[in-house]
Amino acid sequence: MAESSSGDRQEDNLPSKTSEGRARVVEKLIAPTLEDMGYEIVRVLLSGRGSPTLQIMVDRKDGAMIDVEDCAAVSRATSAILDVEDPVDSEFTLEVSSPGLDRPLTRLGDFARFAGFEARIEMEQSIDGHKRVSGRLMGVEGTEIVVETAEGVVKLPFAGLRKAKLLLTDALIEAMQKEAEQFSQDAD
């Protein structure tokens, strides 16, 4: 897996699109506690009407795989904060998970971290006649996402990103398996 130019897994000062609307309020409430616990928020999403679902995706800052105990710890901490702050207007279902292999790409640093892998990107506005772009991530230049597509290399402004995710490919699965094995060896 590629890393950002500074060698960090994520750079806190880089732009992100981890949440919007009411979910953004939730993220701001829970982020400091989760960061203190050793987690990074990948995405907070509030969806559905009536009794919505509040989905929180997290990564471990140490790079280890997220497990059930991690999800339970994040759920308990988040529930305690939300019970006090009550930022959601109705009853909701809390869902905590890892981002998975075909994870959403929500921070500019994600596009550098996962350079070399295939992604599907959707923009707010059309770029060269396309709102959707699929191709191999080449990294970032400033605040632009660089993608190699079948038509050539394109640069997409991060500010215009609607959503993006990694595509599940054999190369991604193999890289994640190697990363998990390496982390397991390092932990021993």
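Biologist: What order do the strands of the open sheet have?
Modeller: The order is β7-β6-β5-β4-β8, an open sheet of 5 strands with antiparallel pairing. Two strands count as paired if DSSP finds at least two bridges between them.

Biologist: Which are the edge strands?
Modeller: β7 and β8 (161-166), and each pairs on one side only. Neighbouring strands of this sheet are turned by 40 degrees against each other on average, direction ignored. The axes there are lines fitted to C-alpha atoms, for helices over the stretch in contact, with angles from 0 to 180 degrees between N-to-C directions.

Biologist: Before I go on, what kind of model is this?
Modeller: A predicted model: local features need pLDDT of at least 70, side-chain atom pairs count only at pLDDT 80 or more, and totals for chains, interfaces and linings use all residues. Residues are numbered from 1 along each chain as its sequence is written, and side-chain values use heavy atoms, with hydrogens and water left out.

Biologist: Back to the sheet. How many bridges join β4 to β5?
Modeller: 6 bridges, with β4 (residues 118-127) and β5 running antiparallel. In that pair I127 stands opposite H130 in β5.

Biologist: And how many for β5 and β6?
Modeller: β5 (residues 130-141) and β6 (residues 144-149) pair over 5 bridges, in the antiparallel sense. G139 stands opposite V146 in β6.

Biologist: Which residue takes a positive phi in the hairpin of β5 and β6?
Modeller: G142, with phi near 65 degrees; the hairpin has 2 residues between the strands.

Biologist: What joins β6 to β7?
Modeller: A hairpin, through 2 residues. Those strands are antiparallel over 6 bridges, β7 being residues 152-157, and T149 stands opposite G152 in β7.

Biologist: Zooming out, how many helices and strands does the protein chain have?
Modeller: 4 helices and 8 strands, in the pattern α-β-β-α-β-α-β-β-β-β-β-α along the sequence. Helices (H or I, at least four residues) and strands (E, at least two) are DSSP runs, numbered from the N terminus.

Biologist: New topic: D70. Where is its place?
Modeller: In helix α2, residues 68-85.

Biologist: Is D70 buried or exposed?
Modeller: D70 is buried, with a relative accessible area of 6%. Buried means under 20% relative accessible area, exposed over 50%, partly exposed in between (1.4 Å probe, protein chains only).

Biologist: Which residues is D70 in contact with, leaving aside neighbours within four places in sequence?
Modeller: Y39, R60 and M65, where contact means heavy atoms within 4.5 Å.

Biologist: What share of the protein chain counts as buried?
Modeller: 39% of the 188 residues.
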